[in-house]
Amino acid sequence: DTFKEPSQREDSKKQIKKHLEERYTSGKNKWFFTPLRTLSSTRYERRAGGKGANQAVSIAKAGGRVAFFGAAGLDGTWMLDDMKAAGAGLDGLIKNEGPTGRAIIQLSPEGENSIVLLGGANTDRISQTKCDHLLTSTPHTHLLIQNEIPWQSTLLALQKSHARGATTFFNPSPMPSPEQLRALPWSTVNWLIVNEGEAKGLYDALNTDGGQVTAHATPSSWPEDPTLARAFSILVSLRALSSFPNSVSLVCTLGHLGVVVLPAGSETLYVPAAQLQKPVLDTTGAGDCFAGYFVAGFMEKGSEAVKELEEIVTLAVKAAGVCVTRPGASGSVPFRAELS
Ligand code: ADP
Ligand code: NA
């Protein structure tokens with residue numbers, strides 16, 4: 001819905017309502033609109049997740065040394081075993097009585113989902129003081145951060161890491177509020193990793209002069225595709241906003257289309273998605289797999305990373321292409337050795 005004008009959005013809401021009412025009255029999917037509040041499930045699965053955890057696992061599987069900062073309750077210890085097995089460092093983990101943050105995902109027989117998010121231990125316990133202490137006591141060259149801990153702690157982490165010379169990567173998911181995005185000290189962000197929806201959300205939040213996304217033709221060597229063209233236009237328009245500094249490099253993942261990169265000060269890059277060896281099974285965590293491999297690539301290449309950008313992105317896309325053919329999120333991230 002984010003790409004629609006407000007008037008069209010209303011239309012589509014009406015259409016959805018009509019569609020659901022039709023289904024209800026026709027007897028199909030009665031459970032969906034039925035006034036019952038209690039439903040029985042047919043199956044239950046528990047999987048490790050959280051973007052931070054998935055991305056830490058991905059860096060580790062890609063061969064990078066990673067220290068995970070986050071909080072988990074006693075109910076989340078099974079998840080930590082998975083992270084340890086992947087090789088993610090857990091010294092910076094804050095343990096408490098919980099509950100561990102989680103997403104409760106209800107899946108309908110048709111595969112539609114409805115998600116309830118519980119921030120849990122992360123939202124309650126990662127204070128700015130804790131964050132400050134962890135970052136000061138852990139030497140690091142790169143920071144990869146999402147929006148899963150209190151916003152003030154996220155800002156502090158970006159500021160601290162950047163000030164000590166680390167390269168910072170910010171994956172603003174779940175999306176911060178427009179106010180938060182406008183007040184973000186952007187000079188502390190070196191790389192912004194987003195998907196198309198997040199790029200548009202960011203454009204809308206930062207576009208305070210009421211302009212519109214303007215169409216920009218993609219370079220002639222890129223495939224002709226309306227989604228790719230639209231995403232490219234959003235990214236170029238975002239970059240052109242006076243409220244968005246030119247110093248931030250942009251990475252936008254585009255599902256089956258691959259990845260577009262607008263590095264600060266060097267040429268735009270498009271890397272198509274990997275040729276899959278098997279059919280798509282579960283795309284959960286593909287973005288996290290990509291982000292982890294991307295950062296691990298920067299860690300490996302060091303000061304040469306920007307020159308080797310295409311190689312880094314190509315490997316990250318290859319890893320994500322394996323991830324989507326396997327069930328689960330962090331469990332489906334391939335080890336580096338599987339990619340040769
Ligand atoms: P997110 O889940 O964060 O929105 P994307 O859907 O953009 O992330 O997926 C991240 C990356 O995973 C893509 O850039 C692409 O490389 C890979 N990927 C995702 N879906 C597919 C697909 N259907 N086929 C091949 N690769 C895919
Ligand atoms: Na998967």
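**Loops, a ligand shell and cysteines in a predicted model**

With a relative accessibility of 15%, Ile 149 counts as buried, because buried means under 20%. This value, like those that follow, comes from a predicted model. Ile 149 sits in the loop that runs between strand E5 (142-145) and helix H7 (151-163). Its separation from Thr 77 can be given in two ways: 72 residues along the sequence, and 19 Å through space from C-alpha to C-alpha.

Ala 264 belongs to the loop between strand E9 (259-262) and strand E10 (269-271). Its relative accessible area is 29%, so Ala 264 is classed as partly exposed. Between Ala 264 and Lys 200 there are 64 residues of sequence separation and 19 Å of space, again taken from C-alpha to C-alpha.

Asn 207 is found in the loop joining helix H9 (196-206) to helix H10 (226-240). The relative accessibility of Asn 207 is 13%, and therefore this residue counts as buried. A polar atom of the Asn 207 side chain lies 2.7 Å from the backbone oxygen of Gly 211.

Pro 99 is placed in the loop between strand E2 (93-96) and strand E3 (102-107). Another cis peptide bond links Ser 173 to Pro 174, and here omega is about -5°. The loop that contains Pro 174 lies between strand E6 (167-170) and helix H8 (178-183).

Attention now turns to the ligand. Ligand 1 is surrounded by 15 residues, of which Asn 195, Thr 253, Gly 255, Gly 258 and Ala 320 are the closest. By residue type, this shell is made up of 9 nonpolar and 6 polar residues, with no charged ones. Helix H11 (286-301) and helix H12 (309-323) each contribute at least two residues to the shell.

Oxygen atoms of ligand 1 also make several polar contacts. In the side chain of Thr 253, an N or O atom is 2.8 Å from an oxygen atom of the ligand. Gly 255 takes part through its backbone, where a polar atom is 2.8 Å from a ligand oxygen. For Leu 254, the distance from a backbone N or O atom to an oxygen atom of ligand 1 is 3.5 Å. Taken alone, ligand 1 would expose 550 Å², and the protein buries 81% of that area.

A search of the whole structure gives 0 disulfides. Cys 323 is thus in no disulfide: the nearest cysteine sulfur belongs to Cys 289 and is 4.5 Å away, whereas a disulfide requires sulfur atoms within 2.5 Å. Cys 323 has a relative accessibility of 0%, so Cys 323 counts as buried. Cys 131 is likewise counted as buried, because its relative accessibility is 7%.

Finally, the chain as a whole can be considered. It is divided into domain 1, covering residues 1-40, and domain 2, covering residues 50-334. The C-alpha centres of domain 1 and domain 2 are 32 Å apart.

Key. Residues numbered from 1 in each chain as written. Chains lettered and ligands numbered in written order. Predicted model: local features only at pLDDT ≥ 70, side-chain atom pairs only at ≥ 80, totals over all residues. Heavy atoms only, no water. Near = heavy atom within 4 Å. Polar contact = N/O pair within 3.5 Å; in protein donor to acceptor, adjacent residues only side chain to side chain. Areas by Shrake-Rupley, 256 points an atom, 1.4 Å probe, with all protein chains shown as cover. Helix = DSSP H or I, 4+ residues; strand = E, 2+ residues; numbered from the N terminus. Nonpolar A, V, L, I, M, F, W, Y, C, P; charged D, E, K, R; others polar. Domains from an automatic or database assignment. Buried < 20%, exposed > 50% of the residue type's maximum accessible area, 1.4 Å probe, protein only.
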